[in-house]
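Reader: I am new to this structure and would like to know how some of its descriptions are reached. Please take them one at a time.

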Amino acid sequence: DDLPVENVIWLEAVNYANALSEREDLSACYTVSGSTVSWPQGVSCEGYRLPTEAEWEFAARGGEGHVYSGSSALGAVAWYSENSGSTTHGVGGKKPNAFGLYDMSGNVWEWVWDLHGSSLPGGGDPVGPNAGSKRVNRGGSWYGTARHLRVAYRSRYHPDYRNTNIGFRLARTSH
């Protein structure tokens, strides 16, 4: 019950967000037709959703300047290749960041909404590029090296890629 969600493809994460929204009588954020997903209201939607890449990085930084989420000492905040025993660990087993978020570095990669582009979105568009074939993952995993767990590190996979080191976390916009 305390392990992170893992071994999930991007579309399953999106469908879960919609299902949880509906279960809590919130409007679903995504419109799904087969493997095509649109996000009509963007970050203004009421329900649960995947964070944008910009939101994920803001949350992971926690208002601090650490290399990893919550510390510049990796072992204090993350399960990774050097200390994980090649498996996921219960959420909250390491120190949180200043926002109280656990495992933003390590444990499992996290799907975000964005398609992969050459740089992190900025300015007035926190959603990223409109075209691409891969979705962004952030945070690194139990399998990753220190380099992969830095808050600024970005990775990407095809949205139907499934692995025991990939999961997700959900976000909601406060209204």
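Predicted model: local features only at pLDDT ≥ 70, side-chain atom pairs only at ≥ 80, totals over all residues.

Reader: How do you know that the span of H1 is close to the expected one?

Author: Helix H1 covers residues 10–23, which makes 14 residues. The expected span is 1.5 Å times one less than the number of residues. For H1 that comes to 20 Å, and the helix reaches 20 Å from its first C-alpha to its last.

Reader: Which residues of H1 are buried, and what covers them?

Author: The buried residues are Trp-10, Leu-11, Ala-13, Val-14, Ala-17, Asn-18, Leu-20 and Ser-21. Their cover includes strands E1 (31–33), E2 (36–38), E3 (109–115), E4 (135–138) and E6 (166–168).

Reader: What makes the phi of Asp-25 worth a remark?

Author: Its phi is positive, about 55 degrees, although Asp-25 is not a glycine. The residue comes just after H1, in the loop between H1 and E1.

Reader: Why is Asp-25 called exposed?

Author: The word applies over 50% relative accessible area. Asp-25 has 72%, so it is exposed.

Reader: Where is Asp-103, and what is its phi?

Author: Asp-103 lies in the loop between helix H3 (74–77) and E3. Its phi is near 60 degrees, again a positive value in a residue other than glycine.

Reader: Is Asp-103 buried or exposed, and how do you know?

Author: Buried means under 20% relative accessible area. The value for Asp-103 is 6%, and therefore this residue is buried.

Note on methods. Residues numbered from 1 in each chain as written. Heavy atoms only, no water. Helix = DSSP H or I, 4+ residues; strand = E, 2+ residues; numbered from the N terminus. Buried < 20%, exposed > 50% of the residue type's maximum accessible area, 1.4 Å probe, protein only. Contact = heavy atoms within 4.5 Å.
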